[in-house]
Amino acid sequence: MKRLNNLYYSKRIKELLAELQKAGTTLVVAPMGYGKTLAVQYFLQEQERCGKRVLRQSIYGAGAEAFWQGVCHSWRGTELGAALLQQSLPADANAKTLVLELFRQLLPQEPVYWFIDDLHLLESSEVIDFLFALSKAGFADLHLLLVSRGQIFDGSRLLELGRKVFCLDKHDLALQRDELEEYSSRCGLQLTTQQLDALHEACEGWFSVTYLNFLNYDRYQRFCLDTGSVYEMIANVLLRPLPSEQQRLLLLMGQPEEFTPEQVAYAYGTRCRESVGRLLECNAFIIRLANGRLRCHHMLKQATRHAFGLLPEAEQQMYFRRLGQWYAQQKEYEEALDWLYRGRDFDGLLAAVQQLRDWSMHPQHRQHLFDWLCECPPEILWQYPQAVLIIMRRMFSLNMVPEMLQVKEWYVTALERNTALSQRERNNYYGELEVILSFLAFNSITGMSEHHRRAYKLLSGAPQTLSKQGIWTFGAPSVLGLYLRTGCSLRQTVEDMQECMPPYYLLSGWHGAGAAELTEAEALLLQGRIDEMDMTLQKAYYQAEKHGQECITICCDFLEMQRDLFRGVYSSKAEAYSRHQWQLQPWKQSMLLNSADMCAGFYYALLGKPEYIPSWLTDGNGQQPSVLYPARPCRNYISAQCLLAQGQYTELLVRWSDWEQECRPYSNFLCLLYLQVQRAAAFAGRGDVTSCRASLKQALAMAEADKLVLPLAQNIALLRPYLEQEAQGECSAAAAAALHLGQQMEAGRGQIMSARFAEAGLQELTEQELQIAQLAAARHTNREIAQRLSLSEGTIKQYLNKIFAKLQIDAAAKNKRHQLERFFSNS
């Protein structure tokens, strides 16, 4: 009896597969048709029989977003899966750290085998970086099984993983000569030695081609050893010999990535379950998945899709339409969209969109988003204003603003033409439109508020467009960095925020709570009114924490860190931020980890401890952690301050033009002011007096009207002599105020350095340096020290410069010896 569809695993293969139990990560890399997936599935079925947990994920496209959706789907039903749903694919170091911490904390306390198939279909380096980080972490109970046609990790990464990774390639999976003989015997074929030799030589152990030859031999008593294409073999052996109905059914099986017999029968349009069953029985290229669905092997899928494309266009559209309708009936609306579009069923398409309020869009949808509405007949479009609204929301998030504005006109027309709507429904739709249009007014507080107020009057409930869980600050640690648009507008900006935020709180359920109070506190800090900001800052803290707005709390911490520098108080929050030991739970947004890095980086730059600055803030390699686009100007001025602290003046000047341009789209005046001050400081650091004075004059002119002296004061170490000159010029008030505030900051910084870092700094001094430092702290002059130690005054001066550097005492400060005295009194 022939048993051609029986799977065969030799003793050698079984022994190799047993090694997968010991490996943290297994890489199975071989060309198509070598039985990679089947071998791993055989191993996993054995593990399941032993009660082990198995997760399976297949890659169906090139996009990183689709991959991450698959990750979340694989882990659904677990605490880890719920936490991963709150994240996106980690694309930077902070996000990777957060996700790995989730795995560490929330992995089930039992062995888990996670199988990811067809990684060669991906075109995302971020995915491979994530999988490498996961492999390198080496969680004891997690076994990662990665299958691909091509290389997954390069040689250096394989070397780094060492014994944490186990590799199988085509030589391990290929049928050897004796195995081919045993396989043919188990299939019930009686082959001669010559036939086996010829088959093994022609197929080179290629499992799929061997199987196709067995089928062909069983049917025609001959092998296909000279075929030019495996796809032609599939067509000749598996497709063309079938009756017409079964041919169509097999073509339909090859269209979806996964399918069920009921789905194929529905798409075909007749009762044909028996025909589907016969196809499944006689075709080993159709794989049954753990979720109960079926899937065609890639080689069969490619062959069937080529044949399907030769059908008349009207027939193809009919099948596409039925496939889309099947998905819609199963409430798999995202899957239905492309099929309905390809089947030109716009009525069904827009009906499916209306079910997707929380639409996590597939990457391929972006390409067709505008096409759907352009090609839809107007009489159908007018019946679905809610669908048009949802598409508009997605267009804004994808930065498709011109298209969005065009769709707005269609949306209004759709509302006016739809006579079935009640007045309440019509008002709700217009209210949702106002919420969406408010984003186009960013960063005009009053402009956005006009839309919010109109939306509040129109809506009968909470808007679907807004989420209290969204990051109100876009990841920026400064509210005025986002919303201060021009000079001479600080007071008005504070008043606008106080007037406009309460209506927004009502509309959004307290999204961004504390922002109004925070804006006033930040304005006071920028003007150097340190002692006046405490009450408003505490109010901001209270509102943010009461309503769960972590992004506002981070902004409060950012102000507190800067304020405490003037008071000589070391910020324990900055230390916690730099170590990510802070109040956010690990399953919250990774973007806030980047906000924390910016806070800590800016603080340590001002403190003069560049070794504590997160490296991504200054590396400039284009792989910076993500903040949303409106927050990038804030990130840039923080990066510039970090470069100044590191003495990288040239690097700052090289990147300055790009940073300055990123402040222009939303008129980020405060960020522009910081960059102008930092540019002057960089020129000062390079000794370019002319350029420094020119940039400083521009910065003083920008700061003068609103007395925004904080950025100048924070760069006093490099700008002091130039500010002293400008204190006699046109902007004398701003220059004098900056000098006074800068002196306060230097004094506070000196207190922190002596109190916090004195002991560590003193331990770095040599015996000779320590003796000289003690004499200098006792107010001995360089000449007195030189005479006492039998050294020259020049040598003593060189020693003191080294001592000041080791103790982090600003070389430009006038009170260096006073700071040195405090070091010894505190240590």
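Helix axes here are lines fitted to C-alpha atoms over the stretch in contact, and angles run from 0 to 180 degrees between N-to-C directions. The model is predicted, with local features needing pLDDT of at least 70 and side-chain atom pairs counting only at pLDDT 80 or more, while totals for chains, interfaces and linings use all residues. Residues are numbered from 1 along each chain as its sequence is written, and side-chain values use heavy atoms, leaving out hydrogens and water.

**View 1. Helices H36 and H38 pack at an angle of about 60 degrees.** Here we meet H36 (residues 689-704) and H38 (residues 716-726), whose axes lie 11 Å apart. Residues in contact (heavy atoms within 4.5 Å) include Leu 696 and Leu 700 of H36 and Leu 719 and Leu 723 of H38.

**View 2. Helices H17 and H18 pack at an angle of about 160 degrees.** H17 spans residues 313-329 and H18 residues 333-342, with axes 7 Å apart. The two helices are therefore roughly antiparallel to each other. Among the contact residues, look for Phe 320, Leu 323 and Tyr 327 of H17, along with Tyr 333, Trp 339 and Leu 340 of H18.

**View 3. Helix H19 (residues 346-353) and its buried residues.** Buried (under 20% relative accessible area, with a 1.4 Å probe and protein chains only) are Phe 346, Leu 349, Leu 350, Ala 352 and Val 353. These residues cover an arc of only 155 degrees around the axis, which puts them on the same side of H19; the arc is that of the directions from the helix axis to the C-beta atoms.

Notes: Helices (H or I, at least four residues) and strands (E, at least two) are DSSP runs, numbered from the N terminus. Angles under 35 degrees count as roughly parallel, over 145 as roughly antiparallel, 65 to 115 as roughly perpendicular and the rest as oblique. Buried means under 20% relative accessible area, exposed over 50%, partly exposed in between (1.4 Å probe, protein chains only).
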